[in-house]
Amino acid sequence: MDRKKVTIAYLQQKKEEGQKITMMTAYDFPTASLVDQAGIDTTLVGDSLGMVMLGYESTVPVTMEEMIHHSRAVRRGTKYAFVIGDMPFMSYQVSLEQAIENAGRFMKEAGCDSVKLEGGTEMAHVVKAIVDAGIPVCGHIGLTPQTASKLSGFKVQGKDAESARELVKSAKDLEEAGAFMIVMECIPDLLAERITGELKIPTIGIGAGTDCDGQVLVYHDLVGLFERFTPKFVKQYINLSPKIREALVQFREEVEAGSFPGPEHSFAMKKEEAERI
Ligand code: KIV
């Protein structure tokens with residue numbers, strides 16, 4: 001297959017031609033390689049890594065250093081996919097200078113192709129400042145986990161006409177500010193369809209129905225590696241945790257019984273040499 005590096009122009013073309021865009025999270029080298037080999041368009045180094053990789057209760061404690069460290073590993077594992085680094089909570093809210101500087105770190109230190117940040121109309125000026133500095137920005141509206149406390153929990157957003165209208169406005173403001181794509185999380189499918197139809201740039205849904213321009217899932221949810229909880233919008237394609245646990249138990253039992261390693265896993269030495277030791 002003649003594969004080329006995915007670009008913003010290619011993602012835009014996919015929207016215009018009605019072809020679905022794929023996005024998957026990855027946080028390390030082996031996963032990024034698998035995502036890339038699967039032909040997925042965009043790899044998101046999501047701040048969800050705080051929960052699925054680092055064991056935090058939420059994405060709020062995630063730091064820039066953690067995001068850069070994991071983004072660099074993803075970059076090394078990616079040849080074709082468009083890599084998006086997720087700006088962690090409080091890395092872009094304090095000032096425009098701070099936002100541009102941190103977005104720049106994702107590009108310069110981690111080799112990302114763009115950044116993503118959460119927020120709608122209230123964050124449009126930040127998106128504009130980062131884009132004006134030459135860094136592509138993907139927006140994120142609807143359920144924004146970094147501000148879940150302000151939203152009174154992890155709830156579907158835009159269920160009534162007023163809040164739905166605000167989300168339409170947010171999406172348009174982000175597009176106007178220069179965002180090249182927008183993730184929409186946990187909003188009704190009819191609203192996602194409406195926003196997707198009104199925007200020129202692509203929309204990527206997670207819990208936003210089928211009519212978005214593309215879909216994203218958290219890798220650990222898709223392969224069954226995060227057992228704390230599973231949101232309704234997740235489809236688990238394979239359940240790896242029990243299989244891995246089984247393999248680990250088998251290893252422990254074989255070591256304890258002395259049946260591992262066997263001769264096929266060991267290195268031989270000539271008897272004469274052994275005698276000369
Ligand atoms: O951090 C993340 O993984 C995300 C996705 C859920 C879109 O923002």
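Author: The model shown is a predicted one.

The lining of the second largest pocket divides by class into seven nonpolar, 13 polar and five charged residues. That lining comprises 25 residues, and those nearest the centre of the pocket are Gly120, Glu122, Gly142, Thr144 and Leu151. The volume of this second largest pocket is about 480 Å³. Two elements, β5 (137–142) and α7 (161–177), each provide at least two residues of its lining. Of the elements, α7 gives the most to this lining, with four residues.

The largest pocket comes next. Its space amounts to about 690 Å³. The elements that contribute two or more residues to the lining of the largest pocket are α3 (49–52) and β6 (181–185). In total 31 residues line the largest pocket, and Leu143, Glu185, Ile206, Pro231 and Phe233 lie nearest its centre. Sorted by class, the lining of the largest pocket has 17 nonpolar, six polar and eight charged residues.

What takes up this space? The largest pocket is the space taken by the ligand. Around the ligand stand Thr25, Leu44, Gly46, Asp47, Ser48, Asp86, Lys116, His140, Val183, Glu185, Ile206 and Val218. By class, this shell around the ligand consists of four nonpolar, four polar and four charged residues. Glu185 and Ile206 belong to the residues surrounding the ligand, and both are also listed among the lining residues nearest the centre of the largest pocket.

For Ser48, a polar side-chain atom is 2.5 Å from a ligand oxygen atom. For Asp47, a polar side-chain atom lies 3.0 Å from an oxygen atom of the ligand. For Asp86, an N or O atom in the side chain is 3.2 Å from an oxygen atom of the ligand. The protein buries 95% of the 260 Å² that the ligand exposes when taken alone.

Technical notes: Residues are numbered from 1 along each chain as its sequence is written. This is a predicted model: local features need pLDDT of at least 70, side-chain atom pairs count only at pLDDT 80 or more; totals for chains, interfaces and linings use all residues. Side-chain values use heavy atoms; hydrogens and water are left out. A residue is near a molecule or strand if one of its heavy atoms lies within 4 Å of it. A polar contact is a pair of N or O atoms within 3.5 Å; within protein, one must be able to donate a hydrogen and the other to accept it, and residues adjacent in sequence count only if both atoms are side-chain atoms. Accessible areas come from the Shrake-Rupley method with a 1.4 Å probe; for residues, only the protein chains shown count as cover. On a 1 Å grid over the protein atoms alone, a cavity is a set of points where a 1.4 Å probe fits but cannot get out, and a pocket is an open set with protein on both sides within 12 Å along at least five of seven lines; lining residues have an atom within 4 Å of a point. A molecule sits in a cavity or pocket if more than half of its atoms lie within 2 Å of its grid points. Ala, Val, Leu, Ile, Met, Phe, Trp, Tyr, Cys and Pro count as nonpolar, Asp, Glu, Lys and Arg as charged, and the others, Gly among them, as polar. Grid points are joined across faces, edges and corners, and a volume is the space filled by probe spheres set on the points.
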